[in-house]
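Take a look at the protein below. We will walk through it one part at a time.

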Amino acid sequence: MGEVKLRSKHFLSDKVSHFTESVIREMTRQAMLHGAINLAQGFPDFPAPAEIKRAAREAIAADLNQYAITWGAKSLRGAIAEQTRTFQGVAVDPETQVTVCCGSTEAMISTLLAVCNAGDEVVIFEPYYENYGPDSILSGAKPRFVKLRPPASPNGDWSFDERELRAVFHRHTKAIIVNTPNNPTGKVFSRAELELIRDLCVEFDVLAITDEIYEHIVYDGAQHISIAGLDGMTERTITINGMSKTYSVTGWRVGWTIAPPRLTDAIRKVHDFLTVGAPAPLQEAGASALSLPQSYYRKLAEGYRRRRDRLMRALEEAGFRCFRPQGAYYVMTDISGFGFADDLAFTRHLVSEVGVAAVPGSSFYRNPSDGARQVRFAFCKREETLDEAAKRLGKLRPRQGTEPGWGKALREQRIHLRTRRKTNHRKGNAG
Ligand code: PLP
């Protein structure tokens, strides 16, 4: 009798009923189950820098083991302000503008909870890092998605349509989330693109929430630009960053927000009630990490460039079409050449039969069919790990009669351009 009553009660929050489990974390579990190489989740399998591990040990030995100030240890906030000035030329007051959180994951949800009301809308580029959707829902806001379209040639860039972006801005828009360098596409937003976003934010009185966790991981001369540094944006930008990716310490859970004082006040309140604070000794180690010389960041990016090239070579040889990333440490690929029903069928086969775990593209889109031909691989791994993955990927066989890689796409593009030119000639508006 009692059990019947219990079952009939509505115990669960409506918000949670909209969530699915994190596909990325699920792929890690699948990798362990099948003994597969985990190129799914974005964590390094190589050691963190010795000097920052030493700094963490010393902080614990010195008994920095109690709560830090809720919005962050003074030493770390000072180092964050100094680094932002050095790399982005943006002046930050560590006393009133910085909040240290439990990873940039907490920084994002604390920010959204601090600024959103029911009925607000948050603009998100898709494909997107999977937390942004649930984060918006938890904060009561409605996500509005704008497509980033894959490049049509090997060296092209993912791009968005200006009209589509403008069309989602209106009086209920509270914020736009920008993630540059971008996960999963590897796109590094250009100054012109960020200025366009800036103009819309100013026109519609909207906040920019910018996730810059891959700031220091850029390739081929690409330059990371912080939208906070653009004219007119200081007062309406919340910049999110963290230690996870730059210092290879994803398990430490140290991230932060940089925002104008009034917004910082609100973020600090949410952060305090959610978590009280980030791990105190690891914040002290963070202050040492952020003081590493510039050469550290050059080596970091160069190491990832080598890994990117190694993995892309292996993927292309195996029959994938790769979208070359300009930043972050993922390669998005097109799997059309393999003849699987969709990305889920493909990644299931890959993890259980080939022994490599990757993330199905559909998990980065609101509408799963948009990602049904895409799969993401992480290359934040030792070169031996990538070589073993390459060996296993060699077992894949492109479907008979299909042409892997870029060949077919480029030919189709050439035909499309020729047809368009001919049509334009006929219309008398060549060029
Ligand atoms: N933001 C992006 C774009 C990410 O890719 C990730 C992790 O993969 C995170 C945030 C999570 O960062 P953190 O470890 O600081 O919570």
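Start with how residues are sorted: Ala, Val, Leu, Ile, Met, Phe, Trp, Tyr, Cys and Pro count as nonpolar, Asp, Glu, Lys and Arg as charged, and the others, Gly among them, as polar. With that in hand, turn to the ligand. The shell around the ligand divides into two nonpolar, 10 polar and one charged residue. Keep in mind that this is a predicted model.

Which residues come nearest to the ligand? Of the 13 residues around the ligand, they are Gly 103, Ser 104, Thr 105, Gly 242 and Ser 244. Helix 6, residues 103-115, gives the most to this shell, with three residues.

Now follow helix 6 onto a sheet. Helix 6 lies across strand 2, strand 5 (173-179), strand 6, strand 7 and strand 8 (255-258). The helix runs at about 160° to strand 7. Helix 9, residues 191-204, also packs on the sheet. Helix 9 touches strand 5 and strand 6. Its direction makes about 165° with that of strand 5.

How is the sheet itself built? Seven strands form an open sheet, in the order 2-8-7-6-5-3-4. The pairing is mixed. Why is one side of strand 2 and of strand 4 left without a neighbour in the sheet? Strand 2 (98-101) and strand 4 (142-147) stand at the edges, and each has a single partner strand, so one side of each has no neighbour there. From one strand to the next, the twist averages 20°.

Strand 6 (residues 207-211) and strand 7 (residues 237-242) run parallel. Four bridges join them. Ala 208 stands opposite Thr 237 in strand 7.

Four strands form an open sheet in the order 9-10-13-12. Here the pairing is antiparallel. Strand 9 (321-323) and strand 12 (359-360) stand at the edges. Each has a single partner strand, so one side of each is left without a neighbour in the sheet. Look inside for strand 10 and strand 13 (residues 374-378). Five bridges join these two strands, which run antiparallel. Val 331 stands opposite Phe 377 in strand 13. A helix lies on this sheet as well: helix 13, residues 343-354, lies across strand 12 and strand 13. Helix 13 runs at about 40° to strand 13.

Helices also pack on each other. Helix 4 (residues 50-61) and helix 11 (residues 280-289) pack at an angle of about 140°. Their axes are 8 Å apart. Is the crossing left-handed or right-handed? The crossing of helix 4 and helix 11 is right-handed. Helix 4 makes the contact with residues including Ala 55, Ala 56 and Ala 59. Among those from helix 11 are Leu 282, Ala 285 and Ala 289. By class, the contact has nine nonpolar, one polar and two charged residues.

Finally, step back to the whole chain. The domain assignment gives domain 1 (2-47 + 295-409) and domain 2 (64-292). Their C-alpha centres lie 24 Å apart. How many residues of domain 1 are in contact with domain 2? The count is 36, and they meet 33 residues of domain 2. On the domain 1 side, helix 3 (23-34), helix 12 (294-318) and strand 10 (330-334) each give two or more residues. Helix 12 provides the largest share, seven residues. This side of domain 1 divides into 22 nonpolar, eight polar and six charged residues.

Key. Residues numbered from 1 in each chain as written. Predicted model: local features only at pLDDT ≥ 70, side-chain atom pairs only at ≥ 80, totals over all residues. Domains from an automatic or database assignment. Contact = placed C-beta atoms within 7 Å. Near = placed C-beta within 6 Å. Axes fitted to C-alpha atoms, helices over the stretch in contact; angles between N-to-C directions. Left-handed = near helix turned anticlockwise from the far one by under 90°. Pairing = 2+ DSSP bridges.
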